[in-house]
Every structure is written in C-alpha cells, then in structure tokens.
Amino acid sequence: MQGNPYGYNPMMYSNPYAPRMQQGAAIPTYYQQPQQTQGVVASMVTSQKEAEAAQILFNNDINVFVDQANGVIYTKRFNPQTGSADFAAYRRVDAAQEAPATAYASQADVDAIRQQLADVLDKLDRGRHARKEVSE
C-alpha cells in the first residue's frame, strides 16, 4: 500500500453497510428443535371412499376426515403392530333414536299386583293354619 502513510485500513475498502464481526465475539448458535406433532390432522372429504384412499403419515397422529354432507366423521390411524391403517366411521345419532321412551307401570297396575300378592299370601297363611290344625 504505497502512498498511504497510515497503513492498511480495511474499513476504507469494505462495504459500510455490511455487518461487522467484532474480534472475540461469540457467534450465536441456533439449534432447530424437532417439530412436535399436533396429534390430530383434520380435513374435509365428500365420501367414505375418499377418506379410505387418503394418504396418512406413519406416525402416531390421528387423521380425522369430516364428511359434513353425509353427517359422518372418519378416523384413520397408522397401526405399527399390523403395518396397516385402522379405519373407523362415526355417525351422529339423534337422541330420540338413541333411547326409546321408558314405559312405566301405572298406579292401577301396581295396585292390581299388590292385590294379587295379598291374595296369594292369604291363601298360604290359610294353608299353614289348616296343616297345623290337622297335625295337632
């Protein structure tokens, strides 16, 4: 560097807008963490065939396929023990269809059964008294 009485100055010949590294400064190290799986992957389908044909990952996520037009939800999950995917379908059931109305006995029916029971017990008591009198 002839003609420069001050010696070589790297700042004079470099980009002034470039970031400068200081001597001895630690360089930050960024570690990428493995992505956590969400556990549930959901998507919309139009039929059961579409849900059955859908590709899924070989992890432990549950894949949910919603068929809103038919009121069905399909689930698909990779099973590492069998090497295949377990598939299930869930349909909405109306409360009226789920449990039929319970029929209870009326008070007249209960009274009739009580009367029949009282009659049977009375006959048994009379039979016991008759045997006692005969045996004595």
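Asn-63 has Lys-76 as its bridge partner in strand E3, and this pairing belongs to a set of five bridges that join strand E2 to E3 (residues 72–79), the two strands running antiparallel. The model is a predicted one, in which local features need pLDDT of at least 70 and side-chain atom pairs count only at pLDDT 80 or more, while totals for chains, interfaces and linings use all residues. Residues are numbered from 1 along each chain as its sequence is written, and side-chain values use heavy atoms, with hydrogens and water left out.

Between E2 and E3 the hairpin has four residues, and within this hairpin Gly-71 takes a positive phi near 70 degrees. Strand E2 (residues 62–67) also pairs with strand E1 (residues 40–44), in the parallel sense and over five bridges; in this pairing Met-44 has Val-66 of E2 as its bridge partner. To get from E1 to E2 the chain passes through helix H1 (residues 48–53), and the resulting β-α-β crossover is right-handed, a term that applies if, with the strands pointing away from the viewer, the path from the first strand over the helix to the second runs clockwise.

Because Phe-58 lies in the loop between H1 and E2 whereas Phe-78 lies in strand E3, the pair ties together parts that are 20 residues apart in sequence. Phe-58 is exposed at 68% relative accessibility, whereas Phe-78 is buried at 18%, where buried means under 20% relative accessible area, exposed over 50% and partly exposed in between (1.4 Å probe, protein chains only). Tyr-74 and Phe-87 form a stacked pair, 5.6 Å from centre to centre and with 20 degrees between the planes, and they link distant parts of the chain, as Tyr-74 lies in strand E3 and Phe-87 in strand E4 (residues 84–91), 13 residues apart. Tyr-74 is buried, with a relative accessible area of 3%, and Phe-87 is partly exposed at 28%.

A search of the whole structure finds two salt bridges, each being a side-chain nitrogen of Lys or Arg within 4 Å of a carboxyl oxygen of Asp or Glu. In one of them Arg-126 meets Asp-122 at 3.1 Å, N to O, and both residues lie in helix H3, four residues apart, or about one turn of the helix. Arg-126 is exposed at 52% relative accessibility, while Asp-122 is partly exposed at 39%. Arg-128 forms a salt bridge with Asp-125, with the closest N and O atoms 3.7 Å apart; because these two residues are three apart in helix H3, about one helical turn separates them.

Terms used. Two strands pair if DSSP finds at least two bridges between them. Rings of Phe, Tyr and Trp (its six-membered ring) pair if their centres lie within 6.5 Å; planes under 30 degrees apart count as stacked, over 60 as edge-to-face and the rest as tilted.
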